[in-house]
Amino acid sequence: MNPILPKKYYVPDVEARQCKDGRIYLYGSYDISGNTNYCSHEYHVFSSNNLIEWIDHGVSFTSEDTFSPYTPLYAPDCTYKDGLYYLYFCMADNSEGVAVSKSPYGPFKNAQPIKIANKDAIDPAIFVDDDGEVYYYWGQFKARGSKLKNMFEIDESTLNSKILSEEEHGFHEGFSIRKRNDIYYAIYTDISRGKASCLSYATSKSPLGPFKKGGVIIDNTGCDPQTWNNHGSIAEFNGNWYIFYHRSSQGSKFNRRVCIEPLKFNQDGSINEVEMTTQGISDSPKATLRMEAYRACLMNGKVHTEVAPTNDDYTEYLSFIEDNDWVSYKYINFENGVSGFEVRASTPTQGGIIEIRIDSIDDPLIGKCYIFNTGGWNKWKNFSCKIDKNFEGIHALYLKFKNSKSSWGRLFNIESFLFYK
C-alpha cells in the first residue's frame with residue numbers, strides 16, 4: 001500500500017531502476033521528519049524483488065564525501081555502465097557531480113563535479129541508450145541536455161539548452177527519461193495546473209529532442225493541504241510499468257514519501273492520467289483488516305497527519321480535524337458486505353461525528369460514528385457504529401468529519417479503523 005516504505009522513511013524525488021540482479025532500486029532524496037527545508041545531507045538506497053517488501057541498504061552517500069561538504073543533497077539519478085554504477089547528484093549550492101560504486105546500493109565514492117555553464121544546475125538525469133551513448137540532463141524552468149564525452153564531462157557541442165520549457169511544456173524541474181518501443185519519454189514536474197504537483201510526460205524520437213508534450217501522468221494535489229511539488233519517474237519491472245511519485249505529509253511541503261501506481265501505455269504510446277490511491281499496486285485491502293488512518297490518499301480541509309510526540313514507534317495519525325474536513329481511501333474491498341465500523345480515536349474535547357460514505361463524498365450516508373472525550377489528544381479509545389446499507393465489492397471510502405452541538409475547532413484524532421461483519 002501507499003506510501004510504500006515504513007513510516008520512518010521520507011524518500012522523495014525517486015528514480016526507480018531494475019538492475020542486473022533483477023531487483024528494483026530506488027534512488028531519491030532523503031527528507032528528515034520535522035525539517036522545514038527540503039532534503040538532508042545523505043542518500044539511502046532501497047531495493048525490492050516484488051515492489052512490496054523493501055530493504056534499506058543504509059546510507060549510500062553523504063555530502064561530506066563531496067566537494068561541497070555540509071550542503072544538502074537534492075534529487076539524484078543512477079545508471080550502470082561497463083561494470084560500474086554512477087550516482088549523479090545535485091546540491092543546494094547549484095553544483096552537480098558524480099560518484100562511483102561497484103554495487104547498485106553503494107557506498108558511492110570519489111565524487112567529482114560536473115561543470116555546467118549555467119546556474120540552474122538541479123535534478124540531474126542520466127540515460128544510456130541502446131547504442132551505448134550516454135546522455136545527461138538537468139535544469140529548472142528549462143531542461144537542458146547533452147551527450148557525455150565520458151561519464152564525467154558533457155560534450156558541449158551536443159548541448160540542447162531548451163529540451164523542455166515552462167512556456168511550451170509546463171516544465172518546472174525534475175527531468176527523468178526512459179525509452180520504450182523506440183520512443184523517448186521525458187517525465188518531469190509540470191506546473192501547468194498552478195503548482196508543481198503534476199508529473200507529466202513528453203515524447204521524442206531522439207534523446208535530445210524535440211519533445212512534444214503528452215499530458216499529465218499523475219497529480220498529487222490533495223495528498224496534504226500544504227503539498228507543493230511532485231517528482232518521480234516511470235520504470236519497467238518484470239515486464240510491467242509503474243509511476244513512482246511522492247506525497248507530502250504532516251501539513252507541510254516536506255516530509256515527502258514515495259508512492260507507486262500501475263501504469264499502462266495506449267497502443268499509440270500515449271499514457272492516460274493515473275489516479276492517486278491508497279492501495280497502490282497491491283490488491284484492494286479488505287475492509288475487515290485494520291487500516292492505518294495516515295494512508296488516506298486524499299485529505300480535504302485542515303486535516304493532515306501528525307507524528308506522535310516521542311516518535312519512538314513512528315506512530316502517525318490523522319490530526320487537526322475540523323468541521324467538514326474529509327479524507328478518502330481508494331479502494332477498499334468490502335467483500336460480501338459489512339455491518340459495523342470501528343475507529344480508534346482521541347480527543348480532550350467533546351468530540352464530534354464521523355460520517356461514512358462510499359464512492360463519493362456526496363453519496364448518501366451509510367453510517368455515523370460518534371466520538372466522545374477520551375481524556376487527551378494521546379489517550380486513545382475505540383468507538384463503533386452500525387452500517388445501515390447493504391453493499392458488496394470494491395469501493396472508495398470517504399470519511400467526513402462533523403462537529404457536535406457543543407464542539408468547535410479541532411475535533412479529534414484518528415489512528416486507525418476497520419469494518420466488521
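Predicted model: local features only at pLDDT ≥ 70, side-chain atom pairs only at ≥ 80, totals over all residues.
**Notebook: a buried arginine and some strands**

I started with R23, which is buried yet has no salt bridge; the closest side chain of opposite charge is D21, 5.0 Å away. My cut-off for buried is under 20% relative accessible area, with exposed over 50% and partly exposed in between (1.4 Å probe, protein chains only). For a salt bridge I need a side-chain nitrogen of Lys or Arg within 4 Å of a carboxyl oxygen of Asp or Glu. On charge, Lys and Arg count as positive and Asp and Glu as negative, while His and the chain ends are not counted.

Residues are numbered from 1 along each chain as its sequence is written, and side-chain values use heavy atoms, with hydrogens and water left out.

**Around R23**

I placed R23 in the loop between β1 (15-18) and β2 (24-27). Strands here are DSSP runs (E, at least two residues), as are helices (H or I, at least four), numbered from the N terminus. What does R23 contact beyond its neighbours within four places in sequence? I found R17, Q18, S47, S48, N49, I55 and F237, where contact means heavy atoms within 4.5 Å.

**Whole chain**

I counted one helix and 30 strands in the chain. The radius of gyration is 23 Å, close to the 22 Å from the globule rule for 421 residues, so the chain is as compact as a globular protein of that length. That radius is taken over C-alpha atoms, and the rule is 2.2 Å times the number of residues to the power 0.38. I also noted that 59% of the 421 residues count as buried.

**Strand β7**

Next I checked β7 (residues 96-101): six of its six residues are buried, so the strand is largely enclosed by the rest of the structure. Both faces are covered, with E96, V98 and V100 on one side and G97, A99 and S101 on the other. β6 (residues 84-90) runs antiparallel to β7, joined by six bridges; two strands pair if DSSP finds at least two bridges between them. I see Y86 bridged to V100. Five residues separate β6 and β7 in their hairpin, and N94 in the turn has a positive phi of about 70°. β8 (residues 109-113) is also antiparallel to β7, with three bridges, and there G97 has P113 as its partner.

**Strand β14**

Buried or exposed, the residues of β14 (183-190)? Eight of the eight are buried, so I call this strand largely enclosed by the rest of the structure. Seven bridges join β14 to the antiparallel β13 (residues 171-180), with K179 opposite Y184. Their hairpin has two residues between the strands, and N181 in the turn has a positive phi of about 50°. β14 also pairs with β15 (residues 198-204), antiparallel over seven bridges, and Y188 stands opposite S200.

Last, I traced five strands in an open antiparallel sheet, in the order β21-β24-β29-β26-β27. Its edge strands, β21 (298-300) and β27 (367-371), each pair on one side only. Within it, β26 (residues 352-358) and β29 (residues 394-403) pair over seven bridges, and R357 stands opposite Y398.

I found K400 in β29. K400 and I353 are 47 residues apart in sequence but 8.2 Å apart in space, C-alpha to C-alpha. Leaving aside neighbours within four places in sequence, the contacts of K400 include N324, D325, W326, I353 and E355.
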